[in-house]
Amino acid sequence: MRLRLATHDARTLGVWLGEEPRPGPVTGRRRPLLPTAPSWAVFALAAALFVGLAAADVAVFGEHTAAEVVRVDRDDEYCTVAWDGGVERAGVDCDAEAVRAGDRLPVVALPWPFLGDAVDTWITPRIVAVLGGVPGLLGLGGALVLNPLLCARRVRLVRRAGPVALPQAVVEGEADEEEWPALGDDLRYASLAAAARHADRHRPGPRVTPPRRGPGRTSVSPWGWVLGTVLGTKAWCLLLFSCGTVLNDPSHPGRWRLLLLGTTGIVALARIGWVVTDRSPLCGPVLRAARTDAGKDAWRPMRYVRLCPEPGEMVLVLFRPEGGDVTAPQYLQPLSRSRGTGRRTVGGPPPVGEALVRDTGTGALICEIDGVRYLPSRRATEAAADPARTRDELRDLAESHLRPVGPRD
């Protein structure tokens, strides 16, 4: 059989053809492919698009008029013009050698939010064409020329390296340690614990100290956690920006502004609604588990490693209590932000220790460490259910805690 494939699918097809048939469904989910264009090309195209939208706004919604030249500055090649019977005045670029006071000069009065300003119709359009055309050509060259060359190079490297074995799916209910060597990463208890201890001592930023105990001996107030969980989305910023911009001056908004800001507001509202709907069933079980004292059977002892991808963000990597330093992770549970014991501190558990873990039944785990119950920020990731996703998350977390490599100064 002869197939015609895109270059970025060659590696995937080669792995599939070399795999042994496996009975049963595959539990792992494949991440969607991301755009492979260089980041600088994407930024260049975005800059060109922004310049183009601004120029279109001025050309379509600006007032084209013939203004009277009031004063000419021959040193800076700058002219002061007046229009609307001399009520409106502004400075524009002009040919100081050919323009005299009292002449008529075609200008474009800028629309909202730059009311009262104007630009000329000869010099400024050429400057805008250069500012938008150069990044646009660079972005198109990177996306349409450089990107296929990079894809072809990756295919050659894959063919030279030979077939690559993918990790096998783990049967539900089992967390066999033999599955993890296939991932090709040293992401077991010993290495993650060493990285957490090193980052706790040497990483810059706010220190992690024991938290202040909130109501119910939790790291944060339960109702404050509910409010932050349900409304914790950055879509509120976009919604407030859109509403504030439209209501600032509704008489001169411009049609494309109404369309763009209205679409942004609708998307923000949809995002907020999805977050509220998705997280509202999570709050009840977590609150009951955090505020009630359950029996010993509801809590399971586990070892943990606390990693901080960003200042204030914490993730607990949970391990079985037995197995030693080569134990593979079982869960990745992000924690909610908590208050520290002093200024410029992030309240949280020690980098390594033991915890009592309780499953709320909604995919989120509550971890009790040194008498404090830490509430989750979102649902936990189960390593056995999706080893590929767990590998990627652990690699990102571990790389944020790497020791410095190289000679010391």
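Asp-200 counts as partly exposed, because its relative accessibility is 34%, where buried stands for under 20% relative accessible area, exposed for over 50% and partly exposed for the range in between, with a 1.4 Å probe and protein chains only. This is a predicted model, in which local features need pLDDT of at least 70 and side-chain atom pairs count only at pLDDT 80 or more, while totals for chains, interfaces and linings use all residues. Residues are numbered from 1 along each chain as its sequence is written, and side-chain values use heavy atoms, with hydrogens and water left out.

Asp-200 forms a salt bridge with Arg-306, with 3.2 Å between the closest N and O atoms; the term requires a side-chain nitrogen of Lys or Arg within 4 Å of a carboxyl oxygen of Asp or Glu. Because Asp-200 lies in helix H4 and Arg-306 in strand E7 (residues 300-307), the pair ties together parts that are 106 residues apart in sequence; here helices (H or I, at least four residues) and strands (E, at least two) are DSSP runs numbered from the N terminus. Whereas Asp-200 is partly exposed, Arg-306 is buried, with a relative accessible area of 3%. Helix H4 (residues 189-202) also holds Ala-199, which is buried at a relative accessible area of 11%. The C-alpha atoms of Ala-199 and Pro-351 are 8.8 Å apart in space, although 152 residues separate the two in sequence.

## Other salt bridges

The structure holds five salt bridges, among them the pair of Arg-320 and Glu-322, whose closest N and O atoms are 3.5 Å apart. Glu-322 has a relative accessibility of 47% and therefore counts as partly exposed.

Another of these contacts joins the side chains of Arg-389 and Glu-393, at 3.0 Å from N to O. Both residues belong to helix H8 (residues 387-399), where they are four residues apart, about one turn of the helix. Arg-389 counts as partly exposed, at 32% relative accessibility.

## The disulfide and other cysteines

One disulfide is present in the structure, a disulfide being a pair of cysteine sulfur atoms within 2.5 Å. Its partners are Cys-79 and Cys-94, with their sulfur atoms 1.8 Å apart, and the link is right-handed, with 75° about the S-S bond. Since Cys-79 lies in strand E2 and Cys-94 in the loop between strand E3 (88-93) and strand E4 (104-109), the pair ties together parts that are 15 residues apart in sequence.

Cys-79 is buried, with a relative accessible area of 0%, and Cys-94 is buried as well, at 4%. Elsewhere in the chain, Cys-243 counts as partly exposed at 38% relative accessibility, whereas Cys-367 is buried at 0%.

## Surface patches

Patches are made of residues with over 30% relative accessible area and no salt bridge, like charges being joined within 9 Å and nonpolar side chains (Val, Leu, Ile, Met, Phe, Trp, Tyr) within 5 Å; the areas come from the Shrake-Rupley method with a 1.4 Å probe, and for residues only the protein chains shown count as cover. A nonpolar surface patch of about 1000 Å² includes Trp-40, Leu-45, Val-130, Leu-144 and Leu-150. Helix H2 (39-61) and helix H3 (123-161) are the elements that give two or more residues to this patch, and H3 provides the largest share, nine residues. Leu-144 lies in helix H3 and is exposed, with a relative accessible area of 62%.

A surface patch of negative charge gathers Asp-75, Asp-76, Glu-77, Asp-95 and Glu-97; Asp and Glu count as negative and Lys and Arg as positive, while His and the chain ends are not counted, and the charge is placed at NZ of Lys, CZ of Arg, CG of Asp or CD of Glu. Asp-76 sits in the loop between strand E1 (63-73) and strand E2 (78-83) and counts as exposed, at 57% relative accessibility.

## Positive phi angles

Most residues other than glycine have a negative phi. Asp-84, which is not a glycine, has a positive phi near 55°; Asp-84 is found in the loop between E2 and E3 and counts as partly exposed, at 45% relative accessibility.

Asp-370 likewise has a positive phi, of about 55°, without being a glycine. Asp-370 is placed in the loop between strand E12 (365-369) and strand E13 (372-374), and its relative accessible area of 61% makes this residue exposed.
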